[in-house]
Amino acid sequence: MKHSPAAVFARLSNPSPPAVTPVVLDTAVVLGGSIAGLLAARVFSDHAATVIVIDRDDPGTGTDPRAGAPQATQMHSLLPSGLVQLERWFPGFTEQALAAGARAAPPSGRRFYFEGVRRAGGSQAMMLTGSRPFLEAQIRRHALSLPNVKTTTARVTGLEFGEGAVAGVRYESGGQEGVERADFVMDAMGRSSRLSEWLAQAGWERPAVRRIRVDLNYATALLRREDGDPEINGVLALRSPARSADVAGAALTQVEGARWMIGMAGYADGQPGRTAEDLVRRCKTEFPREFGQVAGNEILGEVRSFRHADSLRRDFHGLTRMPARLAVMGDAVASTNPVYGQGMASAALQASCLSEYLRSDADLSRPAREFFALQKVVVDAVWGIATGADLALPHIDEPYPRGYRLLRWINSQVRAASFLDPEIARQLEEVTWMLKHPSSLAAPGTVIRAVRANRRARTRAPAHPVTSTTHG
Ligand SMILES: Cc1cc2nc3c(=O)[nH]c(=O)nc-3n(C[C@H](O)[C@H](O)[C@H](O)COP(=O)(O)OP(=O)(O)OC[C@H]3O[C@@H](n4cnc5c(N)ncnc54)[C@H](O)[C@@H]3O)c2cc1C
């Protein structure tokens, strides 16, 4: 029997480590040792005698941003589903991350604002915060403590094929070229992965690519955390794209090393917060008071900016001709508008896909279609949430996909109602935090409840900034 995407998503979200993990591979090679690659390595460690992670950067043991992950200077939130999966793959992860300096973000310290209006209620899920390099370093420490996982610092330059399957990985290191033999290869080289070109050069099919323009500008600053600062962690304040001239939103979290991190974003020509002066002024005048309470603290180092041009998706699941013993994970498959904070949680759920595939007695002499079918459920969910909201932005003029207007209407009803009804707020957060499949928001009971809440509110206050607008 074919299972619905919601049922598959629920299965992949399992918080418990798998009980039975057959060893079916001699050597698994993971290309890219960032979040997705390290999680792939963890899953392979159950199923391969040896796991080799190849990355062009030598991250050492430090927690500084590195060249191979340039986005790491920017604000990163780990969605609760990502934390659940990290705990699944590395039991004790949360406790050890907290001991190493991560910050707990309990529901009592979290805030969500839209146009200055605070949402009450929401999910009670556990969250923790830290900088992106810090979170990656925690994952790396766990992954590399596994006895059969090794790392190599080298630039991957191509693949070797034989008998319809991937047979090895070509690399270059210190001017020397080499080949690593492999029984299975996972590409986790991020958005800039050249796997599609390598497949085409070797006569295989190239995956279709989807792009949705985003034109997002990020700026992130670190500030000293001081005694007497407010007891908050995880504040997100969004502005209505239709009303705000050049700023889409700002976020505030505590990070390791007694610091705050403030991120600010704008679309198209909007580049808010690029200088310390602009960031501080906006925190004090354009955002809820929590931002102003912290923005006067000492700024540590420079404000760092980043431009994200588009959401990108490579449809490996649609290939009719591809080699066996090859899979792709993380941003190499889909990298969406980062304001939704989905990338790391998505990579973690894709690790579940790999685990289910390797536990399924799949025929490894055939392309890993079952893996890509599972992954499609996760990526469809992520892509739908991100691009569904982005298509409504005033500066985006991409064509709407089929069924978009109805989904958009449901979405705007649920979002508006989430400010009026704590139960709707909980359901919405569980979807945006990837704990539940997005289809749960379209359940008739949820939609009717949301429409009724909005109708009641409009009757009472027709000019309310939240219920009188639809927003993403
Ligand atoms: C501005 C911004 C903000 C973001 N905010 C969030 C957020 O709040 N929450 C969230 O969950 N996600 C966020 N993301 C997304 C997140 O950074 C990624 O989804 C996540 O890091 C997973 O990426 P990855 O491991 O697939 O790839 P990457 O992190 O890009 O890593 C790819 C790895 O491959 C290596 N590599 C590449 N090519 C080669 C080669 N030829 N040979 C050897 N190694 C190679 C690189 O060195 C790197 O280590 C954000 C992204 C951006 C751009």
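Helices here are DSSP runs of H or I with at least four residues, numbered from the N terminus. The model itself is predicted.

Start with the second largest pocket. H10 contributes the most to its lining, with eight residues. The pocket holds about 750 Å³ of space. By class, the lining of the second largest pocket has 17 nonpolar, eight polar and six charged residues. Two domains take part. Domain 1 (5–102 + 133–210 + 311–388) and domain 3 (404–460) each supply at least three residues of the pocket lining.

Stay with helix H12 for a moment. Gln 427 sits in this helix. Its side chain makes a polar contact of 2.9 Å with the side chain of Glu 423. A polar contact of 2.9 Å also joins the side chains of Gln 427 and Thr 446.

Now turn to the ligand. Which residues are closest to it? They are Asp 55, Ser 77, Arg 132, Asp 331 and Met 344, out of 30 residues that surround the ligand. A polar backbone atom of Val 156 lies 2.8 Å from a nitrogen atom of the ligand. For Arg 56, a polar backbone atom is 3.1 Å from a ligand nitrogen. An oxygen atom of the ligand is 3.3 Å from a backbone N or O atom of Gly 343. How much of the ligand's accessible area does the protein cover? On its own the ligand has 1000 Å² of accessible area, and the protein covers 95% of it.

Several elements build the shell around the ligand. Helix H2 (35–47), strand E8 (155–162), strand E16 (299–314) and helix H9 (343–358) each give two or more residues to this shell. Its residues divide into eleven nonpolar, 13 polar and six charged. Where does the ligand lie relative to the domains? Domain 1 (5–102 + 133–210 + 311–388) and domain 2 (106–126 + 213–310) both give residues to the shell, so the ligand lies between them.

The structure holds three cavities of 30 Å³ or more. The largest cavity has about 50 Å³ of space. H10 returns here. This helix, at 369–390, and E16 each supply at least two residues of the largest cavity's lining. H10 gives the most to that lining, with four residues.

Ile 35, Leu 39, Leu 78, Gly 82, Leu 86, Leu 135, Ile 139, Met 344 and Ala 348 line it. The elements that give two or more residues to this lining are H2, helix H3 (80–89), helix H5 (132–144) and H9. How do the lining residues of the second largest cavity divide by class? Eight are nonpolar, one is polar and none is charged.

H2 and H9 give residues to the ligand shell and to the lining of the second largest cavity. E16 gives residues to the ligand shell and to the lining of the largest cavity.

Definitions and conventions. Residues are numbered from 1 along each chain as its sequence is written. This is a predicted model: local features need pLDDT of at least 70, side-chain atom pairs count only at pLDDT 80 or more; totals for chains, interfaces and linings use all residues. Side-chain values use heavy atoms; hydrogens and water are left out. A residue is near a molecule or strand if one of its heavy atoms lies within 4 Å of it. A polar contact is a pair of N or O atoms within 3.5 Å; within protein, one must be able to donate a hydrogen and the other to accept it, and residues adjacent in sequence count only if both atoms are side-chain atoms. Accessible areas come from the Shrake-Rupley method with a 1.4 Å probe; for residues, only the protein chains shown count as cover. Ala, Val, Leu, Ile, Met, Phe, Trp, Tyr, Cys and Pro count as nonpolar, Asp, Glu, Lys and Arg as charged, and the others, Gly among them, as polar. Domain bounds come from an automatic or database domain assignment. On a 1 Å grid over the protein atoms alone, a cavity is a set of points where a 1.4 Å probe fits but cannot get out, and a pocket is an open set with protein on both sides within 12 Å along at least five of seven lines; lining residues have an atom within 4 Å of a point. Grid points are joined across faces, edges and corners, and a volume is the space filled by probe spheres set on the points.
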